[in-house]
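The points are numbered and can be read in order.

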Amino acid sequence: MPPRKINLVEAADQKITRVFDPHIAGDVNDSQAKVAKFGGAFDWHAHDHEDEAFLVLRGRIAIDFRDGPVELGEGDFIVVPRGVEHRPRALTAEPVVLMFEPATTLNTGNAKSDLTVTDLKRL
């Protein structure tokens, strides 16, 4: 069977009903491509052992760092190195963001909260 093609923005609109609820778009070796809609401000957190990459597919987001925010629009990409504390947040209504990270990465990293997702759905 050939690989399955996914339009990530359309799939996010059809299947993701809550902000900050990452869904797996695909597996790449020991990593995953995950898609989420962003909302207000997420939890401050860090990933002690994993880098995390963000690609904005629709809308605008900011990633707050302790020394200031970085704003990203459609097509913008950033890698947050392991151990760097950060807090993503939406700047527009429900932006859609693609994240690349190891499959074992917990969305809230070293912070546990009501936003922690341990059982990810697939697009």
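1. In which strand is the place of Phe100? Phe100 sits in strand β8, residues 96-102; strands here are DSSP runs of E with at least two residues, and helices are runs of H or I with at least four, numbered from the N terminus. This is a predicted model, in which local features need pLDDT of at least 70, side-chain atom pairs count only at pLDDT 80 or more, and totals for chains, interfaces and linings use all residues. Residues are numbered from 1 along each chain as its sequence is written, and side-chain values use heavy atoms, leaving out hydrogens and water.

2. Phe100 is partly exposed, at a relative accessible area of 36% (buried is under 20%, exposed over 50%, partly exposed in between; 1.4 Å probe, protein chains only). Together with Phe77 and Val79, Phe100 forms a nonpolar surface patch with about 280 Å² of accessible area.

3. Strand β8 belongs to an open sheet of 6 strands with mixed pairing, in the order β6-β3-β8-β2-β1-β9. The edges are β6 (77-80) and β9 (121-122); each has a single partner strand, so one side of each lacks a neighbour in the sheet. Strand β3 (residues 52-58) runs antiparallel to β8, joined by 5 bridges (strands pair if DSSP finds at least two bridges between them). In this pairing, Arg58 is opposite Val96 of β8.

4. Is strand β4 enclosed or open? Because 5 of its 5 residues (61-65) are buried, β4 is largely enclosed by the rest of the structure. In a regular strand, side chains alternate between the two faces of the sheet. In β4, Ile61, Ile63 and Phe65 are buried on one side, and Ala62 and Asp64 on the other.

5. Strand β4 has antiparallel pairing with β5 (residues 68-72) over 5 bridges, and a hairpin of 2 residues connects β4 to β5. Ala62 is opposite Glu71 in β5. With β7 (residues 86-90), β4 also pairs in the antiparallel sense over 5 bridges, and Phe65 has His86 as its bridge partner there.

6. Asp21 lies in the loop between α1 (8-15) and β1 (23-28). Asp21 is buried, with a relative accessible area of 3%. Its side chain makes a polar contact of 3.3 Å with the side chain of Arg18 (a pair of N or O atoms within 3.5 Å; within protein, one must be able to donate a hydrogen and the other to accept it, and residues adjacent in sequence count only if both atoms are side-chain atoms).

Notes:
Patch = residues over 30% accessible without salt bridge, like charges linked within 9 Å, V, L, I, M, F, W, Y side chains within 5 Å. Areas by Shrake-Rupley, 256 points an atom, 1.4 Å probe, with all protein chains shown as cover. Salt bridge = Lys/Arg side-chain N within 4 Å of Asp/Glu carboxyl O.
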